[in-house]
Amino acid sequence: MANGDHAPAREPDDLGRLFVERVNAGDLDGLVALYEPDAVFAFPPGERQVGHEAIRAALAPVLAARPQLAPGVPAPTLVQGDLALTSTRLESGAVTAEVARRQPDGTWLWVLDQPAIA
């Protein structure tokens, strides 16, 4: 599904919020749309998924379990030019780390995603 079919991230901080909303809605296409086509997704822990199809395959079984995520506490976002580093502390105490890139249309997509580091 094209990124235009879902609300885009206008700021890097939007990506985490959209991720939680789309997981809670069971929206697999919407989740994949948060990533650049050749993004790297470090999930399951210890593995690397590269590209939309691999990210989709990794997230599908997670969504099949119908999880409900709570928003975490974001750290201040670091932005330098067209790159941004985002991080969130989850309720469990685990921390996420992501690198987003500004797209030509001004929206943001993740290029690197480490979902949770215990």
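These legends accompany a set of close-up views of one predicted model.

Residues are numbered from 1 along each chain as its sequence is written, and the side-chain values use heavy atoms, with hydrogens and water left out. Because the model is predicted, local features need pLDDT of at least 70 and side-chain atom pairs count only at pLDDT 80 or more, while totals for chains, interfaces and linings use all residues.

**View 1. The largest nonpolar core has 19 residues.** A nonpolar core here is a set of buried Ala, Val, Leu, Ile, Met, Phe, Trp, Tyr and Cys residues joined through side-chain atoms within 4.5 Å. Buried means under 20% relative accessible area, exposed means over 50%, and partly exposed lies in between (1.4 Å probe, protein chains only). Look for Leu15, Phe19, Leu31, Leu34, Tyr35, Ile55 and Trp110, the residues with the most contacts inside this core. Two or more core residues come from each of helix 1 (14-25), helix 2 (28-32), strand 1 (35-41), helix 3 (52-64) and strand 7 (108-117). Helices (H or I, at least four residues) and strands (E, at least two) are DSSP runs, numbered from the N terminus. In soluble globular proteins, nonpolar side chains tend to be buried together. Leu34 is a handy place to start: beyond its neighbours within four places in sequence, Leu34 is in contact with Leu15, Leu18, Phe19, Arg22, Leu109 and Trp110. Contact means heavy atoms within 4.5 Å.

**View 2. Phe19, Tyr35, Phe41, Phe43 and Trp110 form one aromatic cluster.** Rings of Phe, Tyr and Trp (its six-membered ring) pair if their centres lie within 6.5 Å; planes under 30 degrees apart count as stacked, over 60 as edge-to-face and the rest as tilted. By this rule there are four aromatic pairs. Tyr35 and Phe41 make an edge-to-face pair, because their ring centres are 5.6 Å apart and their planes meet at 65°. Tyr35 counts as buried, at 1% relative accessibility. Tyr35 and Trp110 have ring centres 5.4 Å apart and planes at 50°, so this pair is tilted. Since Tyr35 lies in strand 1 and Trp110 in strand 7, the pair ties together parts that are 75 residues apart in sequence. Phe41 also counts as buried, at 1% relative accessibility.

**View 3. The peptide bond from Phe43 to Pro44 is cis, with omega near -5°.** Most residues other than glycine have a negative phi, and most peptide bonds are trans. Pro44 sits in the loop between strand 1 and strand 2. Gln49, placed in strand 2 (residues 49-50), counts as buried at 14% relative accessibility. A polar atom of the Gln49 side chain lies 2.9 Å from the backbone oxygen of Phe43. Leaving aside neighbours within four places in sequence, the contacts of Gln49 include Phe43, Pro44, Ala54, Ile55 and Ala58.

**View 4. Helix 3 bends by about 25° at Ala58, and a proline, Pro61, follows within four residues.** The bend at a residue is the angle between axes fitted to the seven residues ending there and the seven starting there. Helix 3 has 13 residues and reaches 18 Å from its first C-alpha to its last, close to the 18 Å expected at 1.5 Å a residue; the expected span is 1.5 Å times one less than the number of residues. Its buried residues are Ile55, Ala58, Leu59 and Leu63, and what covers them includes helix 1, helix 2, strand 1 and strand 2. Helix 3 is followed by Arg66, whose phi is positive, near 55°. Arg66 lies in the loop between helix 3 and strand 3 (73-74) and counts as exposed, at 54% relative accessibility.

**View 5. The side chain of Ser87 reaches the backbone oxygen of Thr96 at 2.6 Å.** Ser87 belongs to strand 5 (residues 83-89). Setting aside neighbours within four places in sequence, Ser87 is in contact with Val73, Pro74, Ala75, Val95, Thr96, Ala97 and Glu98. Ser87 and Val73 are 14 residues apart in sequence, with 8.6 Å between their C-alpha atoms.

**View 6. Asp82 lies in the loop between strand 4 (78-80) and strand 5.** At 44% relative accessibility, Asp82 counts as partly exposed. Not counting residues up to four places away in sequence, Asp82 touches Ala100, Arg101, Arg102 and Trp108. Gly93 is 11 residues from Asp82 along the chain, and their C-alpha atoms are separated by 29 Å.

Definitions and conventions
A polar contact is a pair of N or O atoms within 3.5 Å; within protein, one must be able to donate a hydrogen and the other to accept it, and residues adjacent in sequence count only if both atoms are side-chain atoms.
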